[in-house]
Amino acid sequence: MENKKKPKYKIGDTVVITIYGTVGKVTNVKWLDGLYVYEINKGQGLYLESSLMPLDEYEGKLLEKEHIDIEYKFFFGDLVQVKGYGSDLFKIVGFRTEIWRYKEDSWEDVIYELSRIKDGEWLEAGEEELTLIADAESADIFIKKFGLLLNTDKKTLPAPENKKQTSSNRKSEKEELRKKSMKQSLIDSMLDIYNDYRILYLWFGDEEYAHVMKVILRKLAVIVNDGKSHV
């Protein structure tokens, strides 16, 4: 059996990757083809002993590591509205951070990936374009309560004229009663949502809740005026 020499570095040692000038810790040591190779900071790459040096022996220039703290305003499952898309509701299905670095400038952009509730249309938007309507925990409940409201923007096709006058007035009356019942049910549902968000606003004072209340009042105005907005 071949007698292996001891590795120069052990797990936990702080070393410099000389080809990059970066500092890291040894997180694994492997024996491959007669040579020791080292994993640094649990990375995927492996380094030979010749490409590493103890930190206290290194005389070259160290490259500083940049630490960036990103504060995300929205998270998976949050329900939002997007600037330019009216009262359409979107659910956040993903997000990413784009880091921009130039010689004299730098910034980070957070991009959110969204799915529109009513048809699943995919959209990307920046943080400044979004308004929170409900967090992930209450999103599904909000959608169920708010579901009928999503259809209020759809135009109702006019009923075809009866060529025959044999249709009884009773049928017309039933249809009218059905429409009134649906209208009242929609109004009641929206009032329930309004009251829920009014309580949340009184408790927490969050302006996002006040925004939802305003949206509901505008929708109610449209319904009460039979689709004619006076805003």
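These legends describe close-up views of a predicted model. Local features need pLDDT of at least 70, and side-chain atom pairs count only at pLDDT 80 or more, while totals for chains, interfaces and linings use all residues. Residues are numbered from 1 along each chain as its sequence is written, and side-chain values use heavy atoms, without hydrogens and water.

**View 1. The open sheet has 5 strands.** Their order is β9-β8-β7-β6-β10, with antiparallel pairing. Strands are DSSP runs of E, at least two residues, and helices are runs of H or I, at least four, numbered from the N terminus. Two strands pair if DSSP finds at least two bridges between them. β9 (122-126) and β10 each have a single partner strand, so one side of each lacks a neighbour in the sheet.

**View 2. β8 (residues 106-116) meets β9.** The two strands pair in the antiparallel sense over 5 bridges. Tyrosine 112 has alanine 125, in β9, as its bridge partner.

**View 3. Helix α3 covers residues 207-224.** Its 18 residues reach 26 Å from first C-alpha to last, close to the 26 Å expected at 1.5 Å a residue (1.5 Å times one less than the number of residues). Buried residues (under 20% relative accessible area, 1.4 Å probe, protein chains only) include Tyr209, Met213 and Leu220.

**View 4. The largest nonpolar core has 19 residues.** Such a core is a set of buried Ala, Val, Leu, Ile, Met, Phe, Trp, Tyr and Cys residues joined through side-chain atoms within 4.5 Å. Leu79, Phe142, Met190, Tyr197, Val212 and Ile216 touch the most other members. β10 (130-134), α1 (136-146), α2 (169-204) and α3 each give two or more residues. A second, separate core of 11 residues includes Ile92 and Leu114.

Terms used: Buried < 20%, exposed > 50% of the residue type's maximum accessible area, 1.4 Å probe, protein only.
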